[in-house]
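Here are my notes on the model you sent over. Have the structure open while you read, and go through the points in order.

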Amino acid sequence: MISLPEGATMKDYQRYIHELETLHGWLKVDLVHNCFLMGEEVGELFKAVRRYNKYYDEGKSTPTEEARAHLAEELVDVFNYLVAIANRTGVDLEQAFREKNARNQQRTWS
């Protein structure tokens, strides 16, 4: 059983996802296929956001906590694929995050 420590760093998350993919045999899935799979999960995330905001609920009224729990699950699915893609390409997400957001602080958007 693999585990993620409390207070985990991004490196811990990247290690965890690598171990999870190893456990399930997913490391043989190529980068492009992983991107397609992540795209499918993004669609599911958008649907969960729509339900959370009650824009369209396919004829049922989703309770807020149920909608929030489903939204959380879809966020995790997208995050897992994002981390897996970073792992496959050798990207240190924490370093990339810090560098990109340091540049973003200097930018202006109209």
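1. Let me begin with glutamate 65, which is exposed at a relative accessible area of 54% (exposed is over 50%, buried under 20%, partly exposed in between; 1.4 Å probe, protein chains only). Its salt-bridge partner is arginine 68, with the closest N and O atoms 3.4 Å apart; a salt bridge here is a side-chain nitrogen of Lys or Arg within 4 Å of a carboxyl oxygen of Asp or Glu. Arginine 68 is partly exposed, at 38%.

2. Some housekeeping. This is a predicted model, so local features need pLDDT of at least 70 and side-chain atom pairs count only at 80 or more, while totals for chains, interfaces and linings use all residues. Residues are numbered from 1 along each chain as its sequence is written, and side-chain values use heavy atoms, leaving out hydrogens and water.

3. On confidence: the protein averages a pLDDT of 93, and 97% of the residues score at least 70 (pLDDT is the predictor's confidence in each residue, from 0 to 100). Confidence is highest in helix H1 (residues 10-24), at 97, and lowest in helix H2 (residues 31-52), at a mean of 95.

4. How many salt bridges turn up in the whole structure? The search finds 5. One of them joins lysine 11 to aspartate 92, with the closest N and O atoms 2.5 Å apart. Lysine 11 is in helix H1 and aspartate 92 in the loop between H3 (64-89) and H4, so this pair ties together parts 81 residues apart in sequence. Both ends are partly exposed: lysine 11 at 47% and aspartate 92 at 24%.

5. Helix H1 also holds a pair of its own. Arginine 15 and glutamate 19 meet in a salt bridge at 3.1 Å, N to O, and they lie 4 residues apart, about one turn of the helix. Arginine 15 is partly exposed at 31% relative accessibility, and glutamate 19 is partly exposed at 28%. An α-helix has 3.6 residues a turn, so residues three or four places apart point the same way.

6. Back to aspartate 92, this time at the start of H4. One of its side-chain oxygens reaches to within 3.1 Å of the backbone nitrogen of glutamate 94. As for H4 itself (residues 93-106), its 14 residues should span 20 Å at 1.5 Å a residue, and the end C-alpha atoms are 20 Å apart, which agrees (the expected span is 1.5 Å times one less than the number of residues).

Key
Helices (H or I, at least four residues) and strands (E, at least two) are DSSP runs, numbered from the N terminus. A polar contact is a pair of N or O atoms within 3.5 Å; within protein, one must be able to donate a hydrogen and the other to accept it, and residues adjacent in sequence count only if both atoms are side-chain atoms.
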